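Hi,

Here is the structure I promised to pass on. Have a look, and my notes follow below.

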Amino acid sequence: MKILAYLSIGAKGEMLDISDDLLEQKLLEMGCTPGEQFEVVRKAPFGGPIAILISSYVLSIRKEDAMSIKVKLLENE
Amino acid sequence: MSSKTLKIALAGNPNSGKTTLFNALTGLKQKVGNYPGITVEKKTGKAILSEKILAEIIDLPGTYSLFPKSMDEQVAQQTICNNDNEDYPDITVVIADSTNLRRSIFLLTQIIDLNMVVVLALNMVDIATKKGIVIDVNLLSRELGIPVVAINARQGKGIVSLKEIIINSIDAKPKSPFLEVDKLFKGVIEQANKIRGVENNFASFMALCKQKLSGEIDYRCALNQLSKKEEIIPERAQAKETVKRYAQIDKVINSTVKKGSPIGKYMLTKKIDDVLIHPILGYVVFLSILFLLFQAVFSWSAYPMELIDVLFTNLQQFTADSMPKGMLNDLVVNGILAGLGGIVIFVPQIAFLFAFIAFLEDTGYMARVSFITDKLLRGVGLNGRSIIPLLSGAACAVPAIMSARTISSWKERLITIMVTPLMSCSARLPVYTLIISLVIPADEFLGFNLQGLVMMVFYLIGFVSAIVIAFLMKFIIKSKGESYYIMEMPSYKIPDWKTVLYTIIEKVKVFLFDAGKIIIAISIVLWVLSSFAPGKKFEQIEQKWAGIENAEMQISSEKLEHSYAGIIGKSIEPAIKPLGFDWKIGISLLTSFAAREVFVGTMSTIYSVGDDDIRSIQKRLADVKRQDGERFFTPAVGISLMLFYAFAMQCMSTLAIVYRETNHIKWPIIQFLYMGVMAYLSSFIAFQLLS
């Protein structure tokens, strides 16, 4: 198990669990359901938001919020 | 037979093409206003569905679900879920981006489960097909149990069939709910249905999750007891429901959609992003775009503005000459027409600014701007999107404040609105130019022109104070709900010129009609104050100068001196004396409230008293003497005056637009007061230190 905020660009993974309730609801509704695969595609400079490709669109979230997102790292195919 | 008006609500995710479809359906028959009591924009329009059926279409704010997280989303939820809402639709059209079907269908199935008449408009099916995403539209319609129609809102394709399907579906409710939510919570939903007296599983589930639906007062207590007894925790229940719903959606999608490679589709956008959100290049590009935007608003609009100015001056002249002389003539020319001209002159700036913003928004670039600037601006209580209003404020605060709408967090948007007028706008420029030429010598300082340096310092003062005040407000203003930054970064696309054009028209209309009313009212008040005097003072002045040639200037300045505005100017003299100002400057401060640049004109009129030469305002002011024979306009007075103009909120157009954008009289008043206090204190300190 890993924390999304610590993954580097290009890392691929699978959503597991989001510990912040409100954030969880919002992200679930946007399709970040457990088991959904994603790829980290961008990180803004100065510790700004990160962007992931998930469910065929690019989603950006603040690094602080990504701290509460638990993911499973997938081996590179 | 009389024609029938159908109420149609347009719902969908942000970036799904909702506004484009709205424009395609309604054309220019649109109305933009606010929802009562809140600042969410309400767009409605009329569409002709057939010879007999007319439709009123409401464009709901973009939302991802019926469980709202923001004010915008709440409006969408309340419209769809409350049948006692005045906008409650007969039919809801959900528009879905075909390249992003999974997420769009989530919202759709929630609406289906409310047992509402709903039609799915699949946008950009052709583009999806090109990207290898093939959707079986008929099968999808059967699986969902509702009509589905493929459209391309931008090209206007499929709009005719959408209209036909809407007419044919007027009474066709979905055959069955998409998700059997009652099976997830054994027995609880049935009990909730009984308490609410309504047979609607999903609505009862929403009510259980503390959503406010119609008739809430009658059942809230009993429902809370039920969730307590059954140990239903809204957040957990909702998460469970959402996961189940997506599982079912995935099944439907697997059977109806042949997926292309998502990575392939993302490639072009990725290449552009390599430049546009590059850690160094990204900022360079952004600054260049800002520079261009600033140029456009500042210098390109100068030509049309000059034209409007000439037009209105001629119109005023023409009206003054053709109407019979007298009070009415003066009111129309110097009150109403002058006020009207003062409003219309802003239109080019608003048009240019919003052309740029709509363009940046529609291409998808704006989301990237937030992405790279969010961290930097968040520290001071602002948002990645505050940068556009702040910097456009350097041209004019009015369009700048209107552009703060793109900030989704209310607190961050409010702070942006509150500090934007501190930026040195173009109306301050003539004031600075006049005073600098008066009190700052044209010497060189470290190889730079001193006058230019002082000008730059005043622009910096504006920017720095905006940042500092934003930082302070971050701690004072209470935030409504928690702010998350969760944003989709849409794929880049060529902007839809029609959307850009409609945005410009809409913004100009809002400004002209909403803020315009207030501005005209204040103009008339100012006119009354400066055109009337107590008793027969004006007649006496006219008699005094009667028969003397070329005395118009003297007459008007003496009249101004004895008018109510003049009396107020004199009565505030004790208050402004510590700042180094006399009553003449006092009058100019008052009339500047119409627009800051009026200062120059008023000073020129008022200082013409007893001055027989016709010469430039600079020379005239330079010769003004104090009682002890020294020059009146010392550097101390000049700097104090400029600081006053840098901080004071002397712009009724800005106050009017702040009132409109915040929907509360409290905010323009607070803004007026805090800026006034800053102006007074800084002028006081500067004058006392320098003199």
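Let me begin with a cysteine: Cys81(B) counts as buried, at 13% relative accessibility (buried means under 20% relative accessible area, exposed over 50%, partly exposed in between, with a 1.4 Å probe and protein chains only). Its sulfur is 12 Å from the closest cysteine sulfur, in Cys209(B), which is too far for a bond. Cys651(B) is in no disulfide either, with the nearest cysteine sulfur, that of Cys425(B), 6.5 Å away. Cys651(B) also counts as buried, at 8% relative accessibility. Over all chains, the search of the whole structure finds 0 disulfides (a disulfide being a pair of cysteine sulfur atoms within 2.5 Å).

A word on the basis: this is a predicted model, where local features need pLDDT of at least 70, side-chain atom pairs count only at pLDDT 80 or more, and totals for chains, interfaces and linings use all residues. Residues are numbered from 1 along each chain as its sequence is written, chains are lettered from A and ligands numbered from 1 in the order in which they are written, and side-chain values use heavy atoms, leaving out hydrogens and water.

Now for chain A. Its secondary structure comes to 2 helices and 6 strands (DSSP runs numbered from the N terminus: helices are H or I, at least four residues, and strands E, at least two). From the N terminus on, the order is β-β-α-β-β-β-α-β. Of the 77 residues of chain A, 61% count as buried. The C-alpha trace of chain A spans about 30 × 25 × 25 Å along its principal axes.

Cheers
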